[in-house]
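Q: I have a model open on my screen and would like to learn how to read it. Can you walk me through it, feature by feature?

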Amino acid sequence: MSTRTAVGGDSTTVPTPTPERRRPAGYSVLRTGRASFLVHRRAVTVAAVLTLLLAAATLAYLCVGESFVPPGEALKVVLGRPSPDELVVGTLRLPRMVVGLLVGAAFGIAGALVQTVARNPLASPDIIGISQGASALTVGALTFGVTSYAVLPYVSIAGGLVAAALVYVFAWRGGLQATRFVLIGIGFAIALRSITTLFMTKGDYLVAQQAQIWMTGSLNGRSWPEAQLLGSTLLILLPAIAWAARAQRTVSMDDDTATALGVRLGRVRLGLVLVGVVLASVATGTAGPVDFVALLAPQIARRMTRTAQIPLVCSALTGAVVVVLADLLARRLFSPTELPVGVLTAAVGAPYLIWLIGKRHSIRSRTVGGKS
Amino acid sequence: MTRLQARELTLAYEERTVVHGLDLDIPDGQVTVIVGPNACGKSTTLRALGRLLKPRAGSVLLDGTALAKLPTKRIAQQIGLLPQSPVAPEAITVADLVARGRQPHQHWWQQWSDEDERAVTEAMSRTDVAELAERPVDELSGGQRQRVWIAMALAQETELLLLDEPTTFLDISHQVEVLDLVRQLNHDRGRTVVVVLHDLNQAARYADHLVAMRAGEVVASGAPSKVVTAELVREVFGLDCVVVPDPVTGSPLVVPGAPWGA
């Protein structure tokens, strides 16, 4: 018989004999003083591999193009040393690549967060109308003569938030049911696309053409101001993203269990969606709706890490790798004609989406928020 | 002493009122079993005791304070609750799931203390799931999965534990196993346990304190030997029966009466 008394007290002695110590499988604990952090070992390895891959992709991006630049020269430019390739690498390729990298990272995180909250891999901001809301309002603003890239990103954020709110309100029936949420989102996405088209036919020819290119998602002509905006958004949201990474652990459980564990589910969920919507909208605002990155990146990352929730850092890295590589291909595939990067991501993403929808039949749909 | 009480509790789902003006005292350090026919409001009551359902009127009191006024994390340090059909995240491993029971004791800067490790280790060995630690929860049998969920609730190390029909999808040997475990938890640690069951005989066998509900009201409560009578069974379940002593435990055993009209 054990003589240990009640639970929890600070002075409780360690039970004897000590059984084998248990911690979540696959995690390591980092400790400093009283602070301790759980780290998923495989996720760390995957993040390291993705970082190397990203480094290789960015280098290739800087070297390959209309004229080939040797890696050594490209690196010189990045490090700010004088080089004859200053113009091609430093002025043309580098800023565009940085924008692509940040757009990919933002879409990756946004997709991971929205998919986590909806507990459905289909519920990505580019599927359920958030990107389309951002597009519609942006194109609307373009047709009314707002062409400043200093204003447009904020218009996009507003559009994304309004679309998210609308989908949420229409999907709510005393609770959020994942399938209904996704279907209503897809409906809104279609409706918002038509509104965008309407704006384009109303606007004058030049504006429509500009909007059309923006709409397919293009990094063409993007430069440091856009990179700065995206970079500072990610930086400002960094604490929120760190919080989100941990909050995901509980939100991925069912509602009753999460509540019983002391999670303020409504607030946490709202917080996660807000971060996701802002990131998706800012990314859409700078590069247009680069379709399917938010849908694909988190699921690729999760399959690699095999974690129980979608890994945020790895989703961001995967998104960055995907967009940088896709834009490299978009630039070179039919050279000298450059494709918008969105065409490339769509070519990969669309078959995946079809496969995913086909597969969904076998997965029970889960209720989110409230008892149905 | 009763730490957990319900006062004039009225519970409803949208328009449908399920429980009307219910008063309930959960005796400390005992196993309370709530029984009743389907849709009598027993699970609804348990959900309200664990603040999963907001009362329409009245309140649930923990140490005299309404649950609605307490921070949910503080409640989670006192009351553990296992819902009727919890859903695990896809591909989660057993040890990872059990570890999430530690959530209410953790902070962002303190994600895994020695205390967490001790609690999880202990919960897993108690429920006999230690050797499943690395397995994905999806791959387990119903009985194993239920033990894992109970381990998660145990790892929370709360003085009060609420279990909503923990035996539902289990075969009889696993049902007995789970209920024995519940009894043992209460016996070894003096934990207060509230269980919702629909099997009256199991309720009579495992309860210190039995609460019989019908149509959203408490019909009778007290020790099983006092509460379980042929009249009560007729009133609550609408069943004619004979009540005899259980040959093993001596607790009341309900035997349904003459089914063929003999």
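This is a predicted model: local features need pLDDT of at least 70, side-chain atom pairs count only at pLDDT 80 or more; totals for chains, interfaces and linings use all residues.

Q: What is the secondary structure of chain B made of?

A: Count helices and strands: chain B has nine helices and twelve strands.

Q: Why does the radius of gyration of chain B agree with a compact globule?

A: The idea is to set the value against what the chain length would give. For 262 residues a compact globule would come out near 18 Å, and chain B has 19 Å, so the two agree. If you want box dimensions too, the C-alpha atoms fill roughly 65 × 40 × 35 Å along the principal axes.

Q: What share of the contacts in chain B join residues at least 24 apart?

A: Take the contacts between residues at least 6 apart in sequence; 65% of those join residues at least 24 apart.

Q: Which residues of chain B does the UniProt annotation "domain: ABC transporter" cover?

A: According to the unreviewed UniProt entry, that annotation covers residues 4-240 of chain B. Over that stretch the chain is 36% helix and 25% strand, with its end C-alpha atoms 34 Å apart.

Q: Now a single helix. How many residues of helix H1 of chain B are buried?

A: First, the general idea: an α-helix has 3.6 residues a turn, so residues three or four places apart point the same way. As for H1(B), residues 42-49, eight of its eight residues are buried. Among them are Lys42(B), Ser43(B) and Arg47(B). Just after this helix, Arg51(B) takes a positive phi of about 50°.

Q: Is Thr44(B) buried or exposed?

A: Buried means under 20% relative accessible area. Thr44(B), in helix H1 of chain B, is at 8%, so it counts as buried. Beyond its neighbours within four places in sequence, Thr44(B) is in contact with Leu11(B), Tyr13(B), Val18(B) and Leu53(B).

Q: Where is Glu165(B) found?

A: Look in the loop between strand E7 (160-164) and helix H6 (172-189) of chain B. Glu165(B) has a relative accessible area of 10%, so it is buried. Setting aside neighbours within four places in sequence, its contacts include Lys42(B) and Ser43(B), along with Gln84(B), Gln146(B), Val196(B) and His198(B).

Q: And what does Gln156(B) touch?

A: Gln156(B) sits in the loop between helix H5 (142-155) and E7 of chain B, and it is buried because its relative accessible area is 1%. Not counting residues up to four places away in sequence, it touches Ala260(A) and Leu261(A) from chain A, and several in chain B, including Ala76(B), Ile79(B), Arg102(B) and His105(B).

Methods: Residues are numbered from 1 along each chain as its sequence is written. Chains are lettered from A and ligands numbered from 1 in the order in which they are written. Side-chain values use heavy atoms; hydrogens and water are left out. UniProt positions are given in the numbering used here, feature names are shortened, and annotations may be inferred rather than shown by experiment. Helices (H or I, at least four residues) and strands (E, at least two) are DSSP runs, numbered from the N terminus. The radius of gyration is taken over C-alpha atoms; the globule rule is 2.2 Å times the number of residues to the power 0.38. Contact means heavy atoms within 4.5 Å. Buried means under 20% relative accessible area, exposed over 50%, partly exposed in between (1.4 Å probe, protein chains only).
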